[in-house]
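Here's a quick briefing to read with the structure open beside you. Take it topic by topic and click along as you go.

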Amino acid sequence: MAPSDHIIVTDTEPLGTSSRRNNVGKRLLLLCTIPIGVYLLLPSLVVVPMALTKSQLIQFPPEWISVHSFADYFGDPQWIDSTITSFKVAVLAMIIACIVGAATGLGLHGKQFPGKGVVVGIILSPIVIPLVVLALADYLFFARVHFVGNWVAISLAHSLLVTPYVFVTVQASLTGLDPALVRSARSLGARSLAVWRYTYWPAIKPGILAGAIFAFAVSFDEVVIALFLQGPDATTLPVRMFTSIQYDLTPKIAAIATLLLGVAAVALVAQAALALRGGALSRPR
Amino acid sequence: MITPVAGRAGAPQATPIATQHTAGRRLEVIGVWKSYVDKTYVVENVSFTLEPGQFLTLLGPSGSGKTTTLMMVAGFELPTRGEIRVGGRDVARLLPERRNFGVVFQGYALFPQMTVLENVEFGLWMRRLPRRECRRRGMEMLEKVGLVEFASRKPRELSGGQQQRVALARALVFEPDALLLDEPLGALDRRLREALQLEIKEIQRRIGISILYVTHDQDEAMMMSDRIAVMRSGRIVQLDSPTEIYQHPRTPFVANFLGETNLLPVIECQSEGGVAQVRFADGSLGFAAQPRGGSKKPAGSKMMLSLRPERIQILRRPDQTDSVVTGTVRERTFLGRQIRYVVETLGQKLIVSTTDPRLLAEIALDHRVQLGWAHGDAQLLAESDD
């Protein structure tokens with residue numbers, strides 16, 4: 001929270017106010033933002049003590065302190081299978097999203113034509129269409145072609161959902177590309193492949209990486225589509241957690257949630273680092 | 001199909017690369033027109049020749065077609081009509097990557113992810129030269145622009161001046177037919193511009209490359225060019241040496257765009273031996289130089305005389321010059337190394353600038369003064385602006 005607090009404070013400071021007023025303002029702002037931050041984070045953090053319970057049931061307040069729920073999770077082949085399925089689904093969805101999203105972003109870059117707004121709207125629509133609607137449509141389609149219950153089907157459906165994330169980040173990184181750079185490369189003798197390799201690729205690389213992290217996270221986390229398309233051999237981790245919480249209330253759920261929280265934190269930090277580097281790269285001085 | 005570097009090394013050439021101090025091949029732009037979908041021409045019938053080793057500037061305000069012309073030479077725009085010849089061969093329809101020009105853009109557009117040396121080597125990589133050859137010639141080029149110790153730096157770690165040298169080195173390393181510079185200094189402040197202008201000239205002198213330069217800055221054009229093509233609304237209005245353009249402008253636009261001038265309408269004119277005797281609206285007479293290369297002016301249209309403020313003398317005795325007019329001082333500004341007067345005469349206001357500080361004490365506001373000029377100091381304009 002600390003760094004983002006700092007950014008908010010400096011951004012909202014009007015220039016030229018006295019330092020004393022600044023301080024009062026900063027304190028007031030901090031007073032407001034800290035509770036909001038706590039409010040946003042606390043519900044997620046609650047799973048951590050719950051994972052450390054001694055009991056065989058998930059409960060609050062937990063009986064401290066044991067790591068048996070973690071051991072149970074790693075010892076249960078069903079849960080491990082689900083984890084692997086989730087990874088496979090997310091990785092394939094991410095790869096498809098990277099290819100399609102980056103290609104779309106590049107294809108639309110610098111082009112002006114009537115109806116471009118509509119095209120972009122269609123590409124971004126999976127973000128705004130209600131997930132249940134998308135899930136139902138996916139289910140009806142894959143049922144028709146007898147593909148329900150296969151992790152690849154879930155992955156394909158997810159790739160549609162996460163492509164906009166890559167598209168948006170690639171588009172953003174292309175706005176930082178100096179058109180003179182492409183012309184320079186051509187004037188120096190670069191054919192299309194070399195132009196791509198030396199100008200477009202370095203410009204969009206950070207965008208693709210950032211988009212890929214997003215895409216992976218969203219697919220890994222997605223439960224509605226995965227629930228519709230699940231099968232005995234295609235149960236993703238969130239789906240298993242969801243079903244499990246209805247039947248056996250095992251603290252393994254809290255353990256997994258805790259692990260995922262850790263992974264998400266790492267991913268967030270990595271993405272922030274990439275964004276910083278990307279920003280530095282796209283602004284040559 | 002064109003491999004200019006290989007061609008340079010082996011095959012005989014149409015136009016030989018001349019002496020040690022001139023590199024590049026003759027570039028001819030012949031009757032080039034450019035229009036976009038709306039059918040109005042942004043470039044109309046532009047022709048010029050850039051000889052090897054020469055520095056030619058396309059000078060004009062924004063929208064005059066100068067950058068479009070340069071982009072057609074570079075290959076990023078396709079001419080609607082006309083030819084662009086390099087060493088006698090028409091390249092107007094070739095893709096930019098198949099021409100052999102070094103192009104320098106505003107902001108320099110260096111590859112941010114590559115080192116200085118890699119940037120410079122790039123053109124050689126694209127020509128598929130062996131790695132070691134690329135390295136050797138890249139380093140050689142960096143030596144020429146004095147950046148050897150920066151070879152492994154990234155462009156963003158360099159100053160603006162150093163980046164310009166990298167851009168020039170990158171554009172020069174593959175021995176292009178000419179260097180094309182598109183307002184490279186456009187975004188910089190005055191002091192830095194002047195330093196970098198000198199640097200471009202210096203590198204050009206050392207390498208002997210021909211340069212086609214685009215700018216809207218008349219001082220820059222005057223300082224750097226061998227010849228200047230003044231452009232307006234897609235046409236070249238005058239193509240001459242800087243001194244010729246300054247001293248003998250052909251149109252009011254040229255006279256005003258390069259430096260400051262007074263334009264005096266003339267109602268009658270008789271010429272004899274290169275000197276024109278003119279009559280002003282109030283009936284007084286004066287002398288001026290005849291337009292060089294003849295006047296294209298239709299008979300009976302309005303004629304103009306261009307008179308530079310620094311060529312007008314404030315006379316102590318009336319017989320010093322051949323043309324004399326009398327006027328009243330309306331404004332006086334002391335600018336340190338020059339004094340500017342605004343004098344009302346011939347029914348208009350004339351700007352007169354002088355470097356003689358003694359006049360400051362002698363001539364004050366509302367004084368009657370006599371102004372004079374020698375016939376060679378005034379120029380009768382050949383054409384009017386349309």
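A nonpolar core, as the term is used here, is a set of buried Ala, Val, Leu, Ile, Met, Phe, Trp, Tyr and Cys residues joined through C-beta atoms within 7 Å. Keep in mind that this is a predicted model. By that definition the largest core has 101 residues, and Ala169(B), Leu180(B), Leu212(B) and Val230(B) have the most contacts inside it.

**Cores**

- In soluble globular proteins, nonpolar side chains tend to be buried together.
- Leu212(B) is a handy way into the largest core, being one of the residues with the most contacts there. Setting aside neighbours within four places in sequence, Leu212(B) is in contact with Leu27(B), Leu50(B), Leu56(B), Leu70(B), Val73(B), Ala178(B) and Leu180(B).
- Another core, of 39 residues, lies apart from that one, and its members include Ala135(A), Tyr165(A), Ala212(A) and Ile225(A).

**Chain A overall**

- Chain A is built with 13 helices and 0 strands.
- Of the 285 residues in chain A, 34% are buried.
- Take the contacts in chain A with a separation of 6 or more: 76% of them join residues 24 or more positions apart.

- The average pLDDT of chain A is 84, with 90% of the residues scoring at least 70.
- Residues 1-16 of chain A stay under 50 in pLDDT, and the model gives them 8 contacts beyond four places in sequence.
- Residues 281-285 of chain A also have a pLDDT below 50, with 12 contacts in the model beyond near neighbours in sequence.
- Where pLDDT is low, the predicted coordinates should not be read in detail.

**Where the chains meet**

- On the chain A side, 17 residues are in contact with 20 residues of chain B.
- H9 and H10 of chain A each supply at least two residues of the side that touches chain B. H9(A) gives the most, with 6 residues.
- Sorted by class, the side of chain A that touches chain B has 9 nonpolar, 3 polar and 5 charged residues.

**Helix H9 of chain A**

- Helix H9 of chain A covers residues 179-187 and is mostly covered itself, with 7 of its 9 residues buried.
- The buried ones are Leu181(A), Val182(A), Arg183(A), Ser184(A), Ala185(A), Arg186(A) and Ser187(A).
- What do the buried residues of H9(A) pack against? Their partners are helix H10 (192-221) of chain A, together with helix H2 (66-74) and strand S6 (101-104) of chain B.
- Ala185(A) has 25 other C-beta atoms within 10 Å, so it counts as buried, since the cut-off is 20 or more.
- Leaving out neighbours within four places in sequence, Ala185(A) is in contact with Ala190(A), Ala194(A), Val195(A), Tyr198(A) and Thr199(A).
- Ala185(A) and Pro238(A) are 53 residues apart along the chain, and their C-alpha atoms are separated by 47 Å.
- Just after H9(A), Gly189(A) takes a positive phi of about 110 degrees.

- His146(A) has a phi near 55 degrees, a positive value in a residue other than glycine. His146(A) is found in the loop between helix H7 (131-144) and helix H8 (151-175) of chain A.
- Ala109(B) also has a positive phi without being a glycine, near 50 degrees. Ala109(B) is found in the loop between S6 and helix H3 (116-126) of chain B.

**Helix H5 of chain B**

- At 1.5 Å a residue, the 13 residues of helix H5 (residues 160-172) of chain B should span 18 Å, and the end C-alpha atoms are 18 Å apart, which agrees.
- H5(B) is mostly covered, with 10 of its 13 residues buried. Among them are Gln163(B), Arg165(B), Ala169(B) and Leu172(B).
- The cover over the buried residues of H5(B) includes S6, H3, helix H4 (131-144), strand S7 (178-182) and helix H6 (190-207) of chain B.

Notes
Residues numbered from 1 in each chain as written. Chains lettered and ligands numbered in written order. Predicted model: local features only at pLDDT ≥ 70, side-chain atom pairs only at ≥ 80, totals over all residues. Buried ≥ 20, exposed ≤ 12 C-beta atoms within 10 Å, placed from the backbone. Helix = DSSP H or I, 4+ residues; strand = E, 2+ residues; numbered from the N terminus. Contact = placed C-beta atoms within 7 Å. Nonpolar A, V, L, I, M, F, W, Y, C, P; charged D, E, K, R; others polar. pLDDT = per-residue confidence, 0-100. Expected span 1.5 Å × (residues − 1).
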